[in-house]
Amino acid sequence: MMSKLTHRAFLIATTGVLFSTLSACSTVNDSTAVEPVQSTTSQYDLTHMLQQAQASNPEPIDNGAQFTPNKHHKTLVNYVEQMALDLVDTMQTELDVSIAVTSFVDLDASLNNSSQLGNQLSESFIHQLQKFGYGIVDFKTTDHIAMTARGDFVFSRDIEQLADKHIASHVLSGTLIYRSNGVEVNARIIDINSKRVIASSNKTLPYYVLNNADIHLQRASIN
């Protein structure tokens, strides 16, 4: 009888120790599940991604290449409007001035060579500056109208037919520089008496804008 009681007590004690051991293991596993170990490895290795991108494009981009968009809505008038606004913003004189607008010329040794672009710019600036309220003088207007079989004319480049009096206080003109991506235009308004620059603007006209406007960059032929 005592031997059976002793054996039963041993089994109960052994079972209690095993249950305690399993409970401790379960507690450790639950603690690990609640607070997982954070991985120090980033999901995206940015350095490796950059290296792969550089390897797929080994040739550097040529910044000097001429950019030509497939579609655009820019016109020559848009650029002239921006330049006219620059001139008005930098104007260092009163509004009551009379401005003569001349052809824009190539920036060369003579400063006497113009083109279709140079003449088109001067024509566009006449309209844009007048919109801002500045007085524009058209010095190519003669004192009479010439009526011929080909038409009736009031414009001339014959100096003898033009007014010899001082009709403008300022002149607007500029230079053209031919770059790899377009024509750089430097415009300025100058006081005729003092030769002081009272306003200026600088823009580069892309070649694709000039091509769409059918602007030819050859020197103009004046007859």
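In the predicted model, Leu121 is in contact, beyond its neighbours within four places in sequence, with Leu76, Val80, Phe104, Leu176, Val185 and Leu205. Leu121 is itself buried in helix 4, as are Leu117, Gly118, Asn119, Ser122, Ser124, Phe125, Ile126, Gln128 and Leu129. The largest nonpolar core of the structure comprises 31 residues, and Leu121 is listed with Leu117, Phe125, Leu172 and Ile189 as having the most contacts inside it. At least two residues of this core come from each of helix 3, strand 1 (98-101), helix 4, strand 6, strand 7 (182-191), strand 8 (197-206) and helix 5 (207-212). The greatest contribution to the core is that of helix 3, which provides 6 residues. In soluble globular proteins, nonpolar side chains tend to be buried together.

The geometry of helix 4 was examined next. An α-helix has 3.6 residues a turn, so residues three or four places apart point the same way. Just after helix 4, a positive phi of about 95° is found at Gly133. Tyr134 is placed in the loop between helix 4 and strand 3 (135-137), where Tyr134 counts as buried, with a relative accessibility of 8%. Although Tyr134 and Ile99 are 35 residues apart along the chain, their C-alpha atoms are separated by 7.6 Å.

A search of the whole structure for salt bridges returns 3. One of them joins the side chains of Lys131 and Glu81, at an N to O distance of 4.0 Å. Because Lys131 belongs to helix 4 (residues 116-131) and Glu81 to helix 3 (residues 76-90), this pair ties together parts that are 50 residues apart in sequence. Glu81 has a relative accessible area of 31% and is therefore partly exposed.

Another salt bridge is formed by the side chains of Asp138 and Lys140, with 3.8 Å from N to O. Asp138 is partly exposed, at a relative accessible area of 31%, whereas Lys140 counts as buried, at 16% relative accessibility, the cut-off for burial being under 20%. A salt bridge is also made between the side chains of Glu184 and Arg179, for which the N to O distance is 2.9 Å. Here Glu184 counts as buried, with 15% relative accessibility, while Arg179 is partly exposed at 39%.

Strand 6 (residues 170-178) also contains Ser173, which counts as buried at 17% relative accessibility. A polar atom of the Ser173 side chain lies 3.0 Å from the backbone oxygen of Ser103. When its neighbours within four places in sequence are left aside, the residues in contact with Ser173 are Thr102, Ser103, Phe104, Asn186, Ala187 and Arg188.

Conventions
Residues are numbered from 1 along each chain as its sequence is written. This is a predicted model: local features need pLDDT of at least 70, side-chain atom pairs count only at pLDDT 80 or more; totals for chains, interfaces and linings use all residues. Side-chain values use heavy atoms; hydrogens and water are left out. Helices (H or I, at least four residues) and strands (E, at least two) are DSSP runs, numbered from the N terminus. Buried means under 20% relative accessible area, exposed over 50%, partly exposed in between (1.4 Å probe, protein chains only). A polar contact is a pair of N or O atoms within 3.5 Å; within protein, one must be able to donate a hydrogen and the other to accept it, and residues adjacent in sequence count only if both atoms are side-chain atoms. Contact means heavy atoms within 4.5 Å. A nonpolar core is a set of buried Ala, Val, Leu, Ile, Met, Phe, Trp, Tyr and Cys residues joined through side-chain atoms within 4.5 Å.
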